[in-house]
Amino acid sequence: MQTFLLASHNAKKLEELSRILEPLGFKVISPKEINGGITEPEENGLSFEENALIKARCAAKETGMPAIADDSGLCVDALDGAPGIYSARYAGTGNDDDNNALLLNNLVNVPDEDRTARFVSSIACVFPDGKEFTVRGTVEGKIGFELQGNGGFGYDPLFITEWGCFGLLSPEKKDKVSHRHNAIIKFTEELKKYINAEV
């Protein structure tokens with residue numbers, strides 16, 4: 001089983017990625033399992049892909065292990081794509097409740113038909129030999145008028161899709177339809193190309 005280091009200390013993200021990747025034959029470990037951990041580089045990229053690569057490159061360089069990093073966020077059409085790459089720190093506190101409250105406030109006068117949005121997940125994979133690639137997955141939806149459920153994390157309680165609100169979906173259901181799932185499908189396809197090229 002191929003082992004990858006997840007360049008993130010987000011326990012929920014590790015849990016979600018592990019649930020999706022392990023049945024496919026890939027093990028994901030956290031920085032806590034590496035002696036001394038890893039540096040958290042400044043995410044100063046201008047896109048999800050750039051930020052994911054910054055994190056994965058740093059982790060691969062420091063540990064000599066294949067590293068993967070996910071940079072994801074919510075893009076709301078009525079807000080010109082915001083919060084986008086700033087999704088996790090939208091309100092400036094790093095707190096999900098504060099981020100959701102600010103989003104609702106910024107959409108207070110926006111009608112239902114104009115609250116379209118999408119979750120984006122970009123996954124970067126960097127190998128110790130310098131080879132790397134990125135993939136992107138998305139899922140379309142819209143922003144609700146109030147929080148629903150306590151499942152998932154981040155903006156999930158506000159994100160409504162054809163399958164329902166992400167905050168109300170079971171982890172198993174969300175895993176099958178999420179932006180991260182769609183990115184991981186592309187990730188595994190690219191990874192197989194890399195592995196086959198190495199054989």
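Phe119 counts as buried, with 5% relative accessibility (buried means under 20% relative accessible area, exposed over 50% and partly exposed in between, using a 1.4 Å probe and protein chains only). This is a predicted model: local features need pLDDT of at least 70, side-chain atom pairs count only at pLDDT 80 or more, and totals for chains, interfaces and linings use all residues. Residues are numbered from 1 along each chain as its sequence is written, and side-chain values use heavy atoms, leaving out hydrogens and water.

So who does Phe119 pair up with? Phe166, in a stacked aromatic pair with 6.0 Å centre to centre and 20 degrees between the planes. Rings of Phe, Tyr and Trp (its six-membered ring) pair if their centres lie within 6.5 Å; planes under 30 degrees apart are stacked, over 60 edge-to-face, and the rest tilted. Phe166 is buried too, at 0% relative accessibility.

Phe119 sits in strand S4 (residues 116–126) and Phe166 in the loop between strand S7 (164–165) and helix H4 (171–177), so this pair ties together parts 47 residues apart in sequence. Helices (H or I, at least four residues) and strands (E, at least two) are DSSP runs, numbered from the N terminus.

## The other rings

The structure holds seven aromatic pairs. Take Phe4 and Phe187: their ring centres are 6.0 Å apart and their planes at 70 degrees, so they're edge-to-face. Phe4 is buried at 0%, and Phe187 is buried at 1%. Ring pairs link Phe4, Phe26, Phe127, Phe133 and Phe187 into a cluster.
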